[in-house]
Amino acid sequence: MTTLVDTRPSKVMANPGHGDAFTDHMVTAHWTRADGWTVPQLGPLVNLSMHPGMIGLHYAQVVFEGLKAFVQADGSIAAFRPRDNAARFARSAARLAMPEVPASMFLSAVEEVVRADADWLLDNPQHTLYLRPLLYASEAQLMLRASNEYTFLMMAFLAGGFFGDQVDPVSVLVSRDFTRAVPGGTGNVKCAANYGPSLLAQRQAQEAGCQQVVWLDAAEHRFIEEMGGMNLFFVRGSGADARLVTPELTGTLLPGMTRNSLLTIAAREGYAVSEERITVDEWRDQCLSGAITETFACGTAAVVTPVGRVRDRDGDFMIGTGTMGAVTRRLRAALLDVQHGRTADPAGWLHPITI
Ligand code: COI
């Protein structure tokens, strides 16, 4: 096995982007039906050696998570809501008939990788360590059945912005040809198989001059569900009277950690918040009438990203003035303030990691 070379040239450190700047370490553990989990080991980030007939590769018995560690106002480091990610990881694993990674093991792996690679955060405290826990079926077996062997990895990369350094509004294409998730499917868990099939729709969006795709429900093709791999919020009204709406979790949406955090933060900021079903026609009509003033996407990767323009088969429409709205700006700042420990953390979302 080859240890990867140090990938910290100043160019990467200055502009890490999203998903390229892998750090130096990872935690690895293996599970077998006979013996359960091995003791997780911290080691260098290395290429994997795997059997070509591995179940995870062929039948997509693979789940993952995404969470971040942030430099705090006092220079320390904390992970954001890792216990909640551990719980969702366990739910995703259970849905795919995989063994759960115990929360304590998940948390220790987060801590070990952050501790080992904390120096990646020294150059710019606005950068974050994006942690990527992965669980895959590692048994070489091509009968279609649940694997008897699994591998758990916790890796990390240095993250700048998902959409670049600026927080410019993104344009979106409403996907009319494809569906992200179906009732009874896996839309409400974080499995790899939800993401690969989204890429053709994403390519269509790009061909239509948009950055992202908006997913509608599978049954009626009317209700807005998600945007790419992120949740959506709509703002009705403005100023102190602004009200926030996010599509309710019908079972086909991913219960995003950022979505959940923003519901709490928005209420704390004094906004009325609700979870409702909202159709694409309502979205368009209410944008045109001025009732909806802002729309933004949210996710661990996207943080809070405004949506400026929508392209759909029945015509394009603009959201507000097409720029980042005041509510979006305020909630983005409030979220980042909590994540960076610049304001109180009454819900106990920050998990300090001693370096
Ligand atoms: C994240 O927001 O962290 C995600 O996991 C979605 C990403 C795959 C686009």
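Through three residues, a hairpin joins strand β2 to strand β3, where strands are DSSP runs of E of at least two residues, numbered from the N terminus. The structure is a predicted model, in which local features need pLDDT of at least 70 and side-chain atom pairs count only at pLDDT 80 or more, while totals for chains, interfaces and linings use all residues. Residues are numbered from 1 along each chain as its sequence is written, and side-chain values use heavy atoms, with hydrogens and water left out.

Strands β2 and β3 (residues 36–37) run antiparallel and are joined by two bridges, and Trp31 has Trp37 as its bridge partner in β3; two strands are said to pair if DSSP finds at least two bridges between them. Strand β2 (residues 25–32) also pairs in the antiparallel sense with β4 (residues 41–44), over four bridges, and here Gln41 is the bridge partner of Thr28. A further antiparallel partner of β2 is strand β9 (residues 149–159), to which six bridges join it, with Thr151 of β9 as the bridge partner of His30.

The ligand is surrounded by Tyr130, Arg132, Phe162, Lys190, Tyr195, Gly229, Gly299, Thr300 and Ala301, each having a heavy atom within 4 Å of it. By class, this shell has four nonpolar, three polar and two charged residues, with Tyr, Phe and Ala among those counted as nonpolar, Arg and Lys among the charged, and Gly among the polar.

Polar contacts, defined as pairs of N or O atoms within 3.5 Å, are found at several of these residues. A polar side-chain atom of Tyr130 lies 2.6 Å from a ligand oxygen atom, whereas Thr300 and Ala301 each place a backbone N or O atom by a ligand oxygen atom, at 3.3 Å for Thr300 and 2.9 Å for Ala301. Taken alone the ligand exposes 280 Å², of which the protein buries 86%, with areas computed by the Shrake-Rupley method using a 1.4 Å probe.

Notes: Polar contact = N/O pair within 3.5 Å; in protein donor to acceptor, adjacent residues only side chain to side chain.
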